[in-house]
Amino acid sequence: MGLTAAGLATAFVVGRWWGSQTLKKLVSEKNQALAEKDREIAELNRRVRERVPDPPASPDGLPPESVQVWLKPIAPADSELTGLQGRVPTLVIANLKGGVAKTMVAANLSAYFSKRANYRRTAHLLNKRVLLIDLDYQGSVSGMIMTATGAVPEHPNCQVKTLFDPAFSDDDVLNYRVRLAGALPALSLYPATYGFDDLETREQFRWLAGQTGDDVRLRLLKRLRSPAFRSQFDLVIIDTGPRLTTGSVAALTAATHLLIPTSASRRDTEAAERFMRRVSVLKRSGLCPNLKLVGVLTTLTKGSASGVALAESARGSIQAAVANDPDLGVLIEAPAVVLHAELPQSLPIVNEAEQGLPYLASTSSRTIFNKIGAEIEQRMS
Ligand SMILES: Nc1ncnc2c1ncn2[C@@H]1O[C@H](COP(=O)(O)OP(=O)(O)O)[C@@H](O)[C@H]1O
Ligand SMILES: [Mg+2]
């Protein structure tokens, strides 16, 4: 009996000792793994710091933080890609401000240009084959255009993210475009979907950590310059979201022309000027040396006396900002920065956009976008 008790006690002590040793071993292994992860993070941080140069001083004395991460110099092997040789005219519609009708303008201009043959007949502009690229993960322009034409993506790869995936050949990606038959037979689309924002963030971080093996900023440019794409399109139009993401930076890099829609409120015109400064920094860094500002388009303008005065003051402010700042002057050749045409605030346009595309819905909407389109076309040619 005494022996059994002693045996049990010994077994208990040995068991506890063994248990604590196992626990110690586990904790030590976990600590080692954590230390290893800490070392990996420190190394990644060191590589990011090494690759992100100090930003150039901006005219307002503030470093443009949202731009800094994108300023890494282009590799010498890639530098000829940014030239104008072999580029399809590419119009990016952008502004870091949301709600200024970028998407409305992109959707209706793509209809204007792709139906150009039916408007004022100009031999070299007949039958424009237009590619619309939706780089806003919310997919608003895709929704508007697909509702208007009844088109649906025929394959899961019929998405804008395919354009950014180097695993696909140019010919394959071209086949994954959505062809919009019906009312807009000359228009093709790469629609955006939720999840594109995750891809943008992932690719940005992989690129900063030197893990992509290529320059993510140039992926779209490489696609559009490829013989496959060049042979299919006469004009590319790109709608962007209101942030400097992988998609919008790639769009500014791939574009030959930039249109900045802005509402006439003081806050929005200031935002447009701030955005122009950002673009100017990107341009002067060598990322998009040939990008031209087509102009600033005033949107959501009101016909009332105070609305007209506000629009007039916005024009003056933007014009003066560009005239007085040599850094902004590099963006544009035209003496008038702000387009004469404008997009008025209009309830019918909003209602028509609910059902599809204002450009296809009514003569009055078509007249508005014809005017905007004609002025852009003239400035681009
Ligand atoms: N001409 C217009 N008149 C009135 N509302 C408009 C007009 N154009 C666009 N809108 C509305 O303004 C909001 C922002 O337009 P949107 O094109 O989505 O802007 P962004 O792409 O810059 O965020 C939307 O609700 C849209 O319906
Ligand atoms: Mg939008």
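Which residues point one way from β6, which point the other way, and are they buried or exposed?

A: The structure is a predicted model, in which local features need pLDDT of at least 70 and side-chain atom pairs count only at pLDDT 80 or more, while totals for chains, interfaces and linings use all residues. Residues are numbered from 1 along each chain as its sequence is written, and chains are lettered from A and ligands numbered from 1 in the order in which they are written.

From β6, His257, Leu259, Pro261 and Ser263 point one way, and Leu258, Ile260 and Thr262 point the other; all are buried. Here a residue is buried if 20 or more other C-beta atoms, placed from the backbone, lie within 10 Å of its own, exposed if 12 or fewer do, and partly exposed in between. Because seven of the seven residues of strand β6 (residues 257-263) are buried, the strand is largely enclosed by the rest of the structure. Strands (E, at least two residues) and helices (H or I, at least four) are DSSP runs, numbered from the N terminus.

Two strands pair with β6, where pairing requires at least two bridges found by DSSP. Strand β1 (residues 90-93) pairs with β6 in the parallel sense over three bridges, and Val92 stands opposite Leu258 in β6. Strand β7 (residues 292-301) also pairs with β6 in the parallel sense, over seven bridges; here Ser263 stands opposite Thr299 in β7. β6, helix α11 (residues 266-284) and β7 together make a right-handed β-α-β unit; that is, with the strands pointing away from the viewer, the path from the first strand over the helix to the second runs clockwise.

Most residues other than glycine have a negative phi. Leu300 counts as buried, with 22 C-beta neighbours inside 10 Å.

On the β1 side, the loop between β1 and α3 contains Leu96, which is partly exposed, with 19 other C-beta atoms within 10 Å. Leaving aside neighbours within four places in sequence, Leu96 is in contact (C-beta atoms, placed from the backbone, within 7 Å) with Pro242, Arg243, Ala271 and Phe275. Ala101 lies in the loop between β1 and α3 as well; its phi is positive, about 80°, although it is not a glycine, and it is buried, with 21 other C-beta atoms within 10 Å.

Ala101 is also among the residues that come nearest to ligand 1, with Gly98, Lys102, Thr103 and Met104, out of 15 residues around that ligand. A residue counts as near if its C-beta atom, placed from the backbone, lies within 6 Å. The elements that give two or more residues to this shell are α3 (102-114) and α14 (347-355). In α3, 13 of its 13 residues are buried.

Key
Two residues are in contact if their C-beta atoms, placed from the backbone, lie within 7 Å.
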